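Welcome to this set of exercises with worked solutions. Please keep the sequence and the 3D view open, and try each task before you read on.

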Amino acid sequence: HPELARIALTDLTSGVILAVPPSEAAEGSALAAAESVVLAVKLGEKQFGPAYAEAGQWRFDVAFPAGTQDGRRALLASFTINGLLKESIPWWVAQKNHVAVLDAGGQMIGTKSSVQAAPSAESHIIPFDPPGRGLVIKVTRYTAPAQWIAYALPATVTGLAAIVGASILLLQANVRRRQKAEEQLRAE
């Protein structure tokens, strides 16, 4: 799963026991003291942490209680928001829509497209829950300029239909004229 940036086994007293990729001691202490880890250990169920920026990417954590005898350990998984969008949103959706994750303040913290969507009335906002914490997904439809090629095909078909219709009328007139000429020849 490319959207998974880190997995760490943490202990509330000793810090990070094991992390992939390995973390430094100071970072390990911060991971073990993260709000999601503390709540997961106290409540005994998975907890989502708030979105934060690390190494130029926005992430959020999910902590699961590790189930030891002393109940002080948790398994922490860090997901990148851009990675989640890249893996979860199909290419055909992103081809016609700008998909972005916005924080509670309206700041874009992740996007599926590198093209910024023009302001459009055709947008939809849904809560990004879980992890929640004020995050929303905003999908804005791209407004494409009208292209003459899109109108050329129906116009060409209509023109060809008119030409075929005129040809049929001319052919019928020619057949009538020949029949009249044949009747005159028989009469002579």
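Let us start with a definition: a residue is buried under 20% relative accessible area, exposed over 50%, and partly exposed in between (1.4 Å probe, protein chains only). This is a predicted model, where local features need pLDDT of at least 70, side-chain atom pairs count only at pLDDT 80 or more, and totals for chains, interfaces and linings use all residues. Residues are numbered from 1 along each chain as its sequence is written, and side-chain values use heavy atoms, with hydrogens and water left out.

**Exercise 1. Salt bridges**

Solution. 
- Step 1: Recall the rule, by which a salt bridge is a side-chain nitrogen of Lys or Arg within 4 Å of a carboxyl oxygen of Asp or Glu. By this rule the model has five salt bridges.
- Step 2: Look around the pair: R6, E54 and R59 are linked in a network of salt bridges.

**Exercise 2. Two bridges across the sequence**

Task: For the salt bridges D11 with R73 and R141 with E122, work out which parts of the chain are tied together.

Solution. 
- Step 1: You need the elements here: helices (H or I, at least four residues) and strands (E, at least two) are DSSP runs, numbered from the N terminus.
- Step 2: The side chains of D11 and R73 meet at 3.4 Å, N to O. D11 belongs to strand β1 (residues 4–11) and R73 to strand β6, so this bridge ties together parts that are 62 residues apart in sequence.
- Step 3: D11 is buried, at 4% relative accessible area, while R73 is partly exposed, at 31%.
- Step 4: In the other bridge, the closest N and O atoms of R141 and E122 are 3.9 Å apart. R141 lies in strand β10 and E122 in the loop between β8 and β9, so parts 19 residues apart in sequence are tied together. R141 is partly exposed, with a relative accessible area of 35%.

**Exercise 3. Aromatic rings**

Task: Classify the ring pairs F48 with F60 and F60 with F79.

Solution. 
- Step 1: Rings of Phe, Tyr and Trp (its six-membered ring) pair if their centres lie within 6.5 Å; planes under 30 degrees apart count as stacked, over 60 as edge-to-face and the rest as tilted. The model has three aromatic pairs by this rule.
- Step 2: F48 and F60 are 6.4 Å apart, centre to centre, with 40° between the planes, and the pair is tilted. F48 lies in strand β3 (residues 47–48) and F60 in strand β5, so the pair ties together parts that are 12 residues apart in sequence.
- Step 3: F60 and F79 have ring centres 5.8 Å apart and planes at 25°, so this pair is stacked. F60 is in strand β5 and F79 in strand β6, so the parts tied together are 19 residues apart in sequence.
- Step 4: Now put the rings together: F48, F60, F79 and F128 are linked into a cluster by ring pairs.

**Exercise 4. The nonpolar cores**

Task: Which members of the largest nonpolar core touch the most other members?

Solution. 
- Step 1: A nonpolar core is a set of buried Ala, Val, Leu, Ile, Met, Phe, Trp, Tyr and Cys residues joined through side-chain atoms within 4.5 Å.
- Step 2: The largest core has 13 residues, and F60, F79, I81, V101, F128 and L135 touch the most other members.
- Step 3: β5 (57–65), β6 (73–80), α3 (81–88) and β7 (97–102) each supply at least two residues of this core. The largest share, three residues, comes from α3.
- Step 4: A second, separate core of nine residues includes A8, V41, A74 and L76.
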